[in-house]
Amino acid sequence: MKTITRNEYLDRIIELNGTPDIKIITGIRRCGKSKLMQAYVDYLKENCENINIIFIDFMDLEYEEIKEYHALHSYVEDHYQEGKTNYLFVDEVQMCPKFELAINSLHSRGKYDIYVTGSNAFLLSADLATLFTGRYIEIHVFPFSFREYCRYYDDISDIDKLFDEYTVKGGLSGSYAYGTENDRINYIKEVYNTIVTRDLAQKYALPDTLVLQRLGEFLMDNISNLTSPNKVSNLLTASKTPTNHVTVGKYIKYLCNAFVFYDIKRFDIRGKKYLESSEKFYLCDTGIRYALLGNRNMDYGRVYENMVCIELLRRGYDVYVGKLYQKEVDFVAQRGSEKMYIQVSDDISGEQTFERETSPLLQIRDAYPKMIIARTKHPKYSYQGIEIHDIADWLLQK
């Protein structure tokens, strides 16, 4: 299977080389965490001298006998080499019960530069501070971006064709190895179903995953819509999946913890405060939606909005849904002192649609950048200070 180097993530790990923190690579199942770790190991071997690499892959039967935290600790200590820089890599760390006791003990000795990956349901961002008593840094990995997709299919030069394919295929690159549409879709379905029916069911001891499955499909069908647990529970119950708002609220949190969805809160632009009411939930990868729901209710404007949201998160922005008076701005994106306001649409060639998208942005009185991202198929242009970007071109920007 073809592979590409994910430079943005690899460069980030290289930046952290030698820092005293435990480096934890997180992300949805099959997003490429193990491949990234191996790419970093290859980099170290090619570029560093006087190093000792201790690599443990718990998916490999070779390490079956150390799937116990005392044995893991002893194995690492036995392979330590004095006078060298010792790197410890542990892949699928959750397969060793109480792994955190071994990792914390090894970290406290200050002898190892430590990197770990694990199942998305067992290395949750919310749990890291509890699991690791020492300092840690999370490196969060997303499925392939459109830039990476184009690099993977570098034999195709038609950007419009690549974009239309990416909208459907998504960024779970393991699916690219399959030659038929049916096999590719089945691969993605299997990844998703494993997260729901095995990872989350095991993590949270769920007696039944039917509500969780229906909830996931509902959220996929309603990306970019304001959602509340009470509203969802009523709709699921009406469609013969009885539940309540408490269960729905918990299950939404589980799906977000596993990086299947990202919770985007609302922000009052005029009042400069966060709103506690309904939120929006965006899917980690649009390919999952297509695999599970097909073309059902395929609103490309909402799909593009999902793609822009994930790309903003991928680029390191904090993202919010903006509210201004009775109008809504799709995204307020902040990164340090940088801020911008973004509207996302499919076709803005019609006068009414263009006015609808520009109106909220024109009412914002501060000087931060404002833009519309749509499927224009034209070079970037401006309208009354608002930048208009074609979505494919914008996604290809660094």
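Predicted model: local features only at pLDDT ≥ 70, side-chain atom pairs only at ≥ 80, totals over all residues.
How many of the 8 residues of helix H12 (residues 286-293) are buried? Residues are numbered from 1 along each chain as its sequence is written, and side-chain values use heavy atoms, with hydrogens and water left out.

**View 1. An open sheet of 5 strands with parallel pairing.** The strand order is E2-E3-E4-E1-E5 (strands are DSSP runs of E, at least two residues, and helices runs of H or I, at least four, numbered from the N terminus; two strands pair if DSSP finds at least two bridges between them). At the edges lie E2 (51-57) and E5 (136-141), each pairing on one side only. Strand E1 (residues 22-27) joins E5 in the parallel sense over 6 bridges, and Ile 24 has Glu 138 in E5 as its bridge partner.

**View 2. Helix H3 (residues 69-78) packs on the sheet.** H3 touches E2, E3 (85-91) and E4 (112-117) (contact means heavy atoms within 4.5 Å). Its direction makes about 155° with that of E2 (axes are lines fitted to C-alpha atoms, for helices over the stretch in contact, with angles from 0 to 180 degrees between N-to-C directions).

**View 3. Helix H12 is mostly covered.** Here is the count: 7 of its 8 residues are buried (under 20% relative accessible area, with exposed over 50% and partly exposed in between, using a 1.4 Å probe and protein chains only). Among them are Arg 289 and Tyr 290. Just after H12, Gly 294 takes a positive phi of about 65°.
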